[in-house]
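Here is a short walk through one protein and its ligand. Take a moment with the sequence and the model before reading on.

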Amino acid sequence: MDRNDQDTSVKVAVRIRPQNAKEQVDMCRVCTFVTPGEPQVVLGRDKAFTYDYVFDTGTEQVQLYTSCVEKLVEGCFSGLNATVLAYGQTGSGKTYTMGTGFDVTVLPDEQGVVPRAVHHLFNGINSRIQDAIKEKRDPPQFDVSAQFLELYNEEIIDLFDPSRDTSNSKRLKIHETHEGVIYVDGAVVQSVKSESETLDALKRGALSRTVGSTNMNAQSSRSHAIFTISVSQKRPVLQSTDASDSAGSQDWETLTAKFHFVDLAGSERLKRTGATGERAKEGISINCGLVSICVHMYN
Ligand SMILES: Nc1ncnc2c1ncn2[C@@H]1O[C@H](COP(=O)(O)OP(=O)(O)O)[C@@H](O)[C@H]1O
Ligand SMILES: [Mg+2]
């Protein structure tokens, strides 16, 4: 597909992570070459692939965020939904890029996509309210809520549900309303009022994710994690300048937007991970689970 095609709403970015310590010690060669000034990566001698964005090993977190995520977050204020999905084999940098690991103290420069997006969102909310107050307009009202689900072996796990580890935890199911809105029945929708409240909730959920290990990465996550932020904005409808009844009642409009952040399980093939038994079965259902994820995110 023509990557300049404005009709397509899917953009693909490739990020190449720097070599890790083991790869450096083993003297592994870097087999990727990014064509300067082009979103193109060349593998080996002559296999060139072009994407919407290509980020080479030296790319900082902030660069990735400002080039491909920032405007999507801004779109939330106009009622546009968006999804950012990280795909790649275990150890390729999905969790690092999304910023949903929280297992170590992350330096501000190393923050990934989600904390940056949450920061941007609440900054945007506060500045819209402040601007309205300064200009003596009715300020917009925002309602933000978060949901954090994990898809593991085709089972949906609610990372915000403290009772989910007990044997009587309910099984969550995907439903569709008459209007075609897809939702997960019974999943906790947590109202969040600030950046720190949202990140605290995300941290708590992230720490309880199901993790297993394969030869590829000892701490690898074997499940898909979907963090969703819903924004509802009630704002005054701008009056046309020639309106004669300026003293009339104010009309309000409500805009809603959903932002999904998805950190997928490793995309590696079973053979290469040396996974057997339960782990191998997991690998298979991880890929079946992808289909359900796509259905869930369609809304
Ligand atoms: N762009 C990067 N710069 C520096 N370190 C990175 C980068 N991407 C990944 N890493 C490191 O590589 C390791 C594997 O990344 P991780 O995000 O856990 O992979 P995945 O989630 O795809 O399995 C982690 O230790 C992470 O900190
Ligand atoms: Mg990961």
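A polar contact is a pair of N or O atoms within 3.5 Å; within protein, one atom must be able to donate a hydrogen and the other to accept it. Keep that in mind for Thr 59. The model itself is predicted.

Thr 59 sits in the loop between β5 (53-55) and α2 (61-68). A polar atom of its side chain lies 2.6 Å from the backbone oxygen of Asp 56. Is Thr 59 buried or exposed? Its relative accessible area is 13%. Buried means under 20%, so Thr 59 counts as buried. Leaving out residues up to four places away in sequence, Thr 59 touches Arg 15 and Leu 64.

Now step back to the whole chain. The protein has 8 helices and 13 strands. Of its 299 residues, 37% count as buried. The protein exposes about 17,800 Å². Carbon and sulfur atoms supply 52% of that area. Next, take the contacts with a separation of 6 or more. Residues 24 or more positions apart account for 64% of them.

Turn to the interior. In soluble globular proteins, nonpolar side chains tend to be buried together. Here, the largest nonpolar core has 38 residues. Which residues have the most contacts inside this core? They are Leu 121, Phe 148, Phe 227, Ile 229, Phe 259 and Phe 261. Helix α5 (residues 113-134) gives the most to the core, with 7 residues.

Strand β12 (residues 224-236) holds His 224. Why does His 224 count as buried? The reason is its relative accessibility of 2%, because buried means under 20%. The His 224 side chain reaches the backbone nitrogen of Ala 265 at 3.1 Å.

Now look at ligand 1. Which residues come nearest to it? Of the 12 residues around ligand 1, they are Gly 91, Gly 93, Lys 94, Thr 95 and Tyr 96. The shell divides into 2 nonpolar, 7 polar and 3 charged residues. Helix α4 (residues 94-98) gives the most to this shell, with 3 residues.

Several polar contacts can be followed atom by atom. A polar backbone atom of Gly 91 is 2.7 Å from an oxygen atom of ligand 1. For Tyr 96, a polar backbone atom is 2.7 Å from an oxygen atom of the ligand. Thr 95 uses its side chain: an N or O atom there is 2.8 Å from a ligand oxygen. On its own, ligand 1 has 560 Å² of accessible area, and the protein covers 68% of this.

Val 106 is in the loop between α4 and α5. Its relative accessibility is 40%, so Val 106 counts as partly exposed. Val 106 and Tyr 96 are 10 residues apart along the chain. Their C-alpha atoms are separated by 9.9 Å.

How values were computed: Residues numbered from 1 in each chain as written. Chains lettered and ligands numbered in written order. Predicted model: local features only at pLDDT ≥ 70, side-chain atom pairs only at ≥ 80, totals over all residues. Heavy atoms only, no water. Core = buried A, V, L, I, M, F, W, Y, C linked by side-chain atoms within 4.5 Å. Buried < 20%, exposed > 50% of the residue type's maximum accessible area, 1.4 Å probe, protein only. Helix = DSSP H or I, 4+ residues; strand = E, 2+ residues; numbered from the N terminus. Near = heavy atom within 4 Å. Areas by Shrake-Rupley, 256 points an atom, 1.4 Å probe, with all protein chains shown as cover. Nonpolar A, V, L, I, M, F, W, Y, C, P; charged D, E, K, R; others polar. Contact = heavy atoms within 4.5 Å.
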